[in-house]
Amino acid sequence: MGAWIRLFSVAALLGSLCGCQSPLAMHEVSFSPLAPLEESVVFHPSRYPEGNWRPDGLEFEDAWFQSEDGTKLHG
């Protein structure tokens with residue numbers, strides 16, 4: 001029985017370090033000490049990537065069409 005308690009204690013400690021909440025504290029807001037690290041390694045794409053989206057000398061037009069399954073597509 002002591003091994004299970006140790007295993008549960010280690011799992012609870014690791015979970016709390018990773019920002020996981022216990023089912024008993026779901027109403028509480030917790031802060032993970034690893035949150036700044038997690039935010040720094042998560043890719044956050046920009047809405048409109050940098051670049052020239054209207055190169056000179058090319059004509060552009062909107063194209064709307066439907067896929068085989070009926071999904072309306074725009075290009």
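## A lysine over a tryptophan

K72 lies over the face of W64, with 5.0 Å to the ring centre. That falls inside the 6 Å limit for a charge sitting over a ring. Bear in mind that this is a predicted model.

The average pLDDT for the chain is 76, and 69% of the residues score at least 70. Confidence is highest in strand β1 (residues 64-66), at a mean of 95. At the other end is helix α1 (residues 2-17), where confidence is lowest, at a mean of 70.

## The overall layout

So what is the chain built from? You'll find two helices and two strands in it. Going along the sequence, they come in the pattern α-α-β-β.

## A nonpolar patch on the surface

Which residues form the nonpolar patch on the surface? They are L34, L37, V41 and V42, and together they have about 360 Å² of accessible area.

Take L34, one of the four. L34 is in the loop between α1 and α2 (35-41). Is L34 buried, partly exposed or exposed? L34 counts as partly exposed because its relative accessibility is 35%, and that class runs between the 20% cut-off for buried and the 50% cut-off for exposed.

Key
Residues numbered from 1 in each chain as written. Predicted model: local features only at pLDDT ≥ 70, side-chain atom pairs only at ≥ 80, totals over all residues. Heavy atoms only, no water. Lys NZ or Arg CZ within 6 Å of the ring centre and 35° of its normal. pLDDT = per-residue confidence, 0-100. Helix = DSSP H or I, 4+ residues; strand = E, 2+ residues; numbered from the N terminus. Patch = residues over 30% accessible without salt bridge, like charges linked within 9 Å, V, L, I, M, F, W, Y side chains within 5 Å. Areas by Shrake-Rupley, 256 points an atom, 1.4 Å probe, with all protein chains shown as cover. Salt bridge = Lys/Arg side-chain N within 4 Å of Asp/Glu carboxyl O. Buried < 20%, exposed > 50% of the residue type's maximum accessible area, 1.4 Å probe, protein only.
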